[in-house]
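Trainee: I am new to this structure. Can we go through some of the terms used for it and see what backs each one?

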Amino acid sequence: MFPGTMAKAKNGGDSPYVKRELRAVWIATVANIDWPSKPGLPIQQQKAEYTGMLDKAKAMGMNAVVVQIKPTADSFYPSNYGPWSKYLTGVQGKDPGYDPLAFMVEEAHKRNLEFHAWFNPYRITLEKGLTIDNLSADHPARKHRDWVVSYGDQLYYNPGIPEAEDFIIDGVMEVVKRYDIDAVHMDDYFYPYRVAGQDFPDQETYEKYGMGKFANKDDWRRDNVNHLIKKLSAKIKQEKNYVKFGISPFGVWRNQAVDPTGSDTTAGQTNYDDLFADTRTWIQQGWIDYITPQIYWAFGFKPAAYEKLIDWWTKEVDGRNIHLYIGQADYKIANNSDPAWNNPDELPNQLKYNRLFPQIQGSMHFSFKDLDRNPLSIKDRLTNDVYPYPALVPTMPWLDDAPPKRPTLMKAKRSDEGVKLLWKDQKKSDAAYYVIYRFEGEDFNFTNPKHIIATVRKNGDSKQSYVDTTEEPGKRYMYAITAVDRLHNESKPSRLAFVKSAP
């Protein structure tokens, strides 16, 4: 692996594996990139496609999904702030006949996967040349035409209009209030990527709201985005303190040639100067709980080398109350002009390299279909090499650091099905799920992930059960259970239960 050393586990052991790291996959719905495979599918086929994706994600070792639920100012749920998405039915505004978001959250939690609800705040259209009159009759942009601007032949809500900002925030909070999501997620689409020879058409808005208050239009634009992030962050935590807020920006904040505190890169566009996304301020002000820069380049790539950006971002977050995850470019494997992506070890080496840095708490993979097509056997590498054991999502002690009470392991008994475990919570436990540990011999190391055989979501009953079907005849096992809350604080383990070897 690059740069020639084996990653050591962050728990201090000799294993290259870690017990805690976010392992997420993006599921993009815009243009039906990942799901549904095409618009207009019958409900049961849509559902089957989605649950099949979750099962595959779980098998690859993932513990979270990031699902795009508002791709182009439309919705994958009944909303007062946008019409039904055309990517569901083929017709914007047409009711699909069920609530996809409620279904998606429930199914993710059944598999003990975190559900991060992914919003695109400003984009109204993706296809070029559409006008407001091409939108569905119930589209809010029709009612608020003065909020809408056209740029690069696409439509956007104008970030500089305060009423549009409030509308966007209220649209996100509708989901936070109504659905049991684990996080609100935004990616790199704030102000749109620059179009050569065109300036974003907000001069009149700047003159009305920003001129005289800011040194220039760019500072005003950055303040517009900052205000959205700050206000939304406060509202999320006021409503549900356990709901995380995370952003996945473009991988370069600023180039060093423009700002000596920027990265040693020569990116053509950057967050600060072109997208007006001042990620440094968000981190330093504590407005977001995680940041996932899209470091979509290979080791040694001259304009933006992976190792140089890892170095920059780890220093940017060091010592702060924020998780750093890395956005990984699975879509480039065997599908890019840079020959480095034809190397089957490129992405696995990036993931192992990440584990050398204590500031890095995991990765997000773009996107599901790119993993599922298994280019250069990447899905197999994740399953068998990089993510062979389950991992718990890292804790966020600035949100909550109180673990649940330990569960009571009542029984561990061999049956025809396998070893059946039965346990119950103590009273008033806030457990969300449980971790099943299995030991052989005297190695009772709860920090080594190789002893985790499963994580199991709480079923709502007073008693919980699990059957270990992977036990092998002739082996002697010791089992223990821990309880984990929804922010992943883990209890002390239950008693150890011994199970005799099978004949």
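Mentor: Start with two helices. H1 (residues 43-59) and H3 (residues 100-110) pack at an angle of about 30°, and their axes are 10 Å apart. Keep in mind that this is a predicted model.

Trainee: Why is H1 called roughly parallel to H3?

Mentor: Set the angle against the cut-off. The helices pack at about 30°. Angles under 35 degrees count as roughly parallel, so H1 is roughly parallel to H3. The crossing of H1 and H3 is right-handed.

Trainee: Which residues of H1 and H3 meet?

Mentor: H1 brings Lys47, Tyr50, Thr51 and Leu54. H3 brings Phe103, Met104, Glu107 and Ala108. Contact here means heavy atoms within 4.5 Å.

Trainee: What makes H10 roughly parallel to H11?

Mentor: The axes of H10 (residues 306-317) and H11 (residues 346-354) come within 12 Å and cross at roughly 25°. The limit is under 35 degrees, so H10 counts as roughly parallel to H11. Tyr306, Glu307 and Ile310 of H10 make the contact with Gln350, Tyr353 and Asn354 of H11. H10 passes H11 in a right-handed crossing.

Trainee: How do you know whether Ile169 is buried or exposed?

Mentor: Look at its relative accessible area, which is 1%. Buried means under 20%, so Ile169 is buried. Ile169 lies in helix H5 (residues 162-178).

Trainee: What is Ile169 in contact with, beyond its neighbours within four places in sequence?

Mentor: Leu228, Lys231, Leu232 and Lys235. Take Ile236 as well: Ile169 and Ile236 are 67 residues apart in sequence, and their C-alpha atoms are 9.6 Å apart in space.

Trainee: Now the strands. Why is S1 called mostly covered?

Mentor: Count its residues. S1 spans residues 22-27, and six of its six residues are buried. Each is under the 20% cut-off for buried, so S1 is called mostly covered.

Trainee: What makes S1 and S10 a pair?

Mentor: Their bridges. At least two are needed. S1 and S10 (residues 360-365) have four, in the parallel sense. Leu22 stands opposite Gly362 in S10. S1 also runs parallel to S2 (residues 64-70), joined by four bridges. There, Val25 has Val65 as its bridge partner.

Trainee: Which elements make the β-α-β unit, and what is its hand?

Mentor: S1, H1 and S2 make the unit, and it is right-handed. With the strands pointing away from you, the path from the first strand over the helix to the second runs clockwise.

Trainee: Why are S11 and S15 called edge strands?

Mentor: Start from the sheet. Three strands form it, in the order S11-S12-S15; it is open, and the pairing is antiparallel. S11 (408-414) and S15 (463-468) each pair on one side only, and they are the edge strands. The twist averages 15° from one strand to the next.

Trainee: How many bridges join S12 to S15?

Mentor: Six, and S12 (residues 419-424) runs antiparallel to S15.

Terms used. Residues numbered from 1 in each chain as written. Predicted model: local features only at pLDDT ≥ 70, side-chain atom pairs only at ≥ 80, totals over all residues. Heavy atoms only, no water. Buried < 20%, exposed > 50% of the residue type's maximum accessible area, 1.4 Å probe, protein only. Axes fitted to C-alpha atoms, helices over the stretch in contact; angles between N-to-C directions. Parallel < 35°, antiparallel > 145°, perpendicular 65-115°, else oblique. Left-handed = near helix turned anticlockwise from the far one by under 90°.
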